[in-house]
Every structure is written in C-alpha cells, then in structure tokens.
Amino acid sequence: MRVTFAAMHLPRLCAAVLTLAASLPAAAQNLADHTYTTTDIEAGARVYIADCALCHGANGDGVDGVDLRRGRFRTVRSDDDVRRVVTQGVAGSRMPSFDLSAAELNGIVAYIRAGFDPSGVAVRVGDPARGQAIFEGQGRCVGCHRVNGVGGRRLAPDLGEIGIARTAAALQRTILDPNAALLPINRPIRAVTRGGETVRGRRLNEDTYTVQLIDSEGQLRSLAKADLREYEVTTTATMRPTSLSADQVADVIGYLLTLRGIS
Ligand code: HEC
Ligand code: HEC
C-alpha cells in the first residue's frame with residue numbers, strides 16, 4: 001500500500017523541485033557546496049561525546065580560553081586548523097593527538113561549526129591568508145569595501161570589525177545572496193531636498209525626523225525629513241552575488257571572521 005502511494009506522488013514531487021531549480025538566478029550557487037551535511041554534524045556529535053567532552057565539556061567551554069561551541073579558539077582559525085590540532089595535538093598541553101578518519105574529522109569540524117546544534121548550519125571556514133588575497137584581488141571586494149583604512153567607503157559598509165558583528169552563516173548569506181541578506185539599515189537611499197539638491201547614499205540610521213547617511217562623496221550627512229521633497233529607500237542590494245568558487249568563498253569567510261578592529 002505504502003509503496004504504491006509513494007510511487008504515485010513521486011513524479012509530482014520531482015516536477016516541483018525542477019520548477020524551483022529553474023527559477024533560481026544563474027549566478028546562485030549550490031548551498032550544499034558551502035556547508036557540511038547534517039550527517040557530518042551527527043557523526044561529529046558522536047566523536048565529540050566519545051573523545052572530546054571529557055576535557056572540553058558538554059558545552060564546549062571546559063578548557064580555559066577555548067569555547068568550541070561558540071567558535072572561540074586560541075590559535076585555530078580555519079577548518080584545516082581544527083583538523084591539524086586534532087590530529088597533532090598541542091605540544092606541551094593536555095590536548096592529545098587523535099587518529100581519526102577523514103569522515104570523523106569532517107564530522108568534528110561540522111559539529112563545532114554548527115555550534116553543537118545537530119539541526120544547525122555548519123558553514124565551511126577556509127584559510128584567512130588566502131581569503132585576504134582573494135578579498136583584495138580576484139574578489140574585487142576592496143573596490144567597494146574599506147578594511148583598516150584601505151579601500152573604498154562610499155557606498156559600502158566598512159568591514160574592519162565585521163568579524164565581531166556577524167557569524168560565519170550571516171557572512172556567507174551576504175556573499176551568496178546579497179539581496180536576501182540586505183539589512184534594512186544599510187539600504188541605498190535617494191533624497192531630493194526642498195532646495196532641489198539630489199542626495200544619494202547609504203543609510204546609517206533613521207528616526208522619525210532625520211536620516212543619517214554616507215553620501216556618494218563619502219561624507220557623513222544628516223538630513224531633516226521636513227526639508228526633503230522626495231525620499232526613497234531601495235530594497236535591492238548594491239552588492240552582486242559572487243562568482244567566486246565555494247572554496248574561495250570559504251577562504252573569504254575565514255578572512256572576514258578575523259576582522260575584529262585594530263587592536
Ligand atoms: C585530555 C584533555 C583533552 C581532550 C580529550 C581533548 N582536548 Fe582539545 N584541548 C585541550 C586543552 C588543554 C587545550 C588547550 C591547548 C593549549 O594550551 O593551547 C585544547 C585545545 C583544543 C582546541 C583549540 C586549539 C587552539 O589553539 O585554538 C581545539 C580545536 C580542540 N582542543 C579540539 C579538541 C577535539 C575536537 C577533541 C576531541 C577529538 C579534543 N580537543 C580533545 C584538552 C583536551
Ligand atoms: C559594488 C560594490 C561592492 C562589491 C564589489 C562588494 N560589496 Fe559587499 N557590500 C556592498 C554594499 C553596498 C553593501 C551594503 C548592502 C548592499 O546595499 O548591498 C555590502 C555588504 C556587504 C556585507 C555585509 C555587511 C554587514 O554589515 O553585514 C559583507 C560581509 C560584504 N558586503 C562582503 C563583501 C565581500 C566579501 C566582497 C567581495 C567578494 C564584496 N562585499 C564585494 C557593496 C559591494
């Protein structure tokens with residue numbers, strides 16, 4: 001009975017999936033290339049409980065200065081760093097070396113990146129040095145964004161402290177689908193004053209009476225709404241979906257997570 005039921009409905013399901021795929025823009029990437037699977041995360045949970053929880057604790061904060069669930073490490077940055085620490089241990093500390101299979105290592109990385117949440121999203125985090133080179137080169141990010149005083153700042157937010165403000169998942173969303181990730185506050189605006197001046201820029205803040213923005217000349221401005229003849233907020237992002245590969249996006253995320261202001 002059950003087999004017949006499933007067989008009858010299968011063609012309709014397939015058609016629905018195909019329609020969905022066809023409606024995605026050509027530039028959209030397969031999210032699966034950018035994340036670990038639920039199977040990885042679940043495998044990692046088993047390894048963690050068996051091999052790691054004894055010292056790191058069920059919540060991941062059992063070792064001083066390390067919070068595995070929240071992604072706070074001493075030296076680790078990328079996923080490969082996690083693999084290296086686990087296979088080699090940390091000399092001169094209680095962190096032992098483990099002889100794990102590649103699948104188990106993937107699992108442990110996935111479990112950590114998912115924040116210990118079996119239903120969470122485990123974003124791949126690549127190498128920060130490679131990510132910086134991509135950010136400044138092929139990715140053309142510095143053309144619009146400023147980091148530690150380098151790069152444009154006219155219409156794009158300064159990313160110098162983005163590693164404190166955003167999670168890996170949020171960064172990935174912006175890079176893959178800027179429209180979906182657009183924050184209401186960052187939106188491009190266009191205003192015309194009573195004096196006839198047209199002001200374009202990126203909104204920083206807005207209340208009932210005023211709007212603050214960085215204008216297209218890079219100047220911080222505050223406009224009184226009572227002085228405006230027209231005021232429009234754009235709902236589409238200025239930033240375009242990336243054409244970088246999944247590995248390159250992972251590296252760029254690794255780099256962005258290291259941006260925590262000049263200390
Ligand atoms: C016997 C105790 C012990 C066990 C078991 C253990 N760890 Fe550790 N781990 C430590 C200690 C102590 C440190 C801090 C090392 C240091 O001094 O830098 C550490 C550090 C780490 C770090 C951070 C390294 C850095 O420099 O940022 C990671 C990641 C890590 N452990 C993962 C694991 C994983 C995954 C497992 C299980 C496969 C595991 N640990 C099992 C004791 C342990
Ligand atoms: C054409 C200019 C432009 C380029 C090129 C560009 N961005 Fe953006 N980016 C923006 C703008 C503008 C915003 C603000 C949202 C919007 O309007 O799209 C933004 C938003 C962001 C944010 C979100 C900031 C936040 O507060 O959450 C991140 C992260 C980001 N960009 C990273 C990148 C990376 C990485 C690259 C290179 C791969 C890149 N951007 C390339 C213009 C650009």
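Are H56 and M95 buried or exposed? Both are buried. Buried means under 20% relative accessible area, exposed means over 50%, and partly exposed is in between, with a 1.4 Å probe and protein chains only.

Some ground rules before we go on. This is a predicted model, where local features need pLDDT of at least 70, side-chain atom pairs count only at pLDDT 80 or more, and totals for chains, interfaces and linings use all residues. Residues are numbered from 1 along each chain as its sequence is written, chains are lettered from A and ligands numbered from 1 in the order in which they are written, and side-chain values use heavy atoms, with hydrogens and water left out.

Now, ligand 1. H56 (NE2) and M95 (SD) are the protein donors of its iron atom, at 2.0 to 2.1 Å. Donors are N, O and S atoms within 2.8 Å of the metal (3.2 Å for Na, K and Ca); water is not among the atoms, so sites may look incomplete. H56 sits in helix α2 (residues 38–56) and M95 in the loop between α3 (79–88) and α4 (102–113), so the pair ties together parts 39 residues apart in sequence. Helices (H or I, at least four residues) and strands (E, at least two) are DSSP runs, numbered from the N terminus.

What is the arrangement of the six donor atoms around this iron atom? It is octahedral, because the angles run from 88 to 179 degrees. Six donors count as octahedral if opposite donors are over 155 degrees apart and all others between 65 and 115. Ideal angles for six octahedral donors are 90 or 180 degrees.

Who else is there? The shell around ligand 1 has 19 residues, and C52, C55, H56, T75 and M95 come nearest. A residue is near a molecule if one of its heavy atoms lies within 4 Å of it. R74 has a polar side-chain atom 2.5 Å from an oxygen atom of ligand 1. For T75, a polar side-chain atom is also 2.5 Å from an oxygen atom of ligand 1. Helix α2 gives the most to this shell, with four residues.

On to ligand 2. Its iron atom has H145 (NE2) and M239 (SD) as protein donors, at 1.9 to 2.0 Å. H145 is in the loop between α5 (128–136) and α6 (162–165), M239 in the loop between β5 (228–233) and α9 (246–257), 94 residues apart. H145 counts as buried, at 10% relative accessibility. M239 counts as partly exposed, at 32%. Around ligand 2 there are 22 residues, the closest being C141, C144, H145, R166 and M239. R166 places a polar side-chain atom 2.6 Å from an oxygen atom of ligand 2.

Last topic: salt bridges. How many are there? The count is 12. A salt bridge is a side-chain nitrogen of Lys or Arg within 4 Å of a carboxyl oxygen of Asp or Glu. One of them joins R113 and D79, at 2.6 Å from N to O. R113 is in helix α4 and D79 in helix α3, 34 residues apart. Both R113 and D79 are buried. Another joins E232 and R190, at 3.0 Å from N to O. E232 lies in strand β5 and R190 in strand β1 (residues 188–193), 42 residues apart. R190, E230 and E232 are linked in a network of salt bridges.

Terms used
Tetrahedral: all angles 85-135°; square planar, octahedral: opposite > 155°, others 65-115°. Polar contact = N/O pair within 3.5 Å; in protein donor to acceptor, adjacent residues only side chain to side chain.
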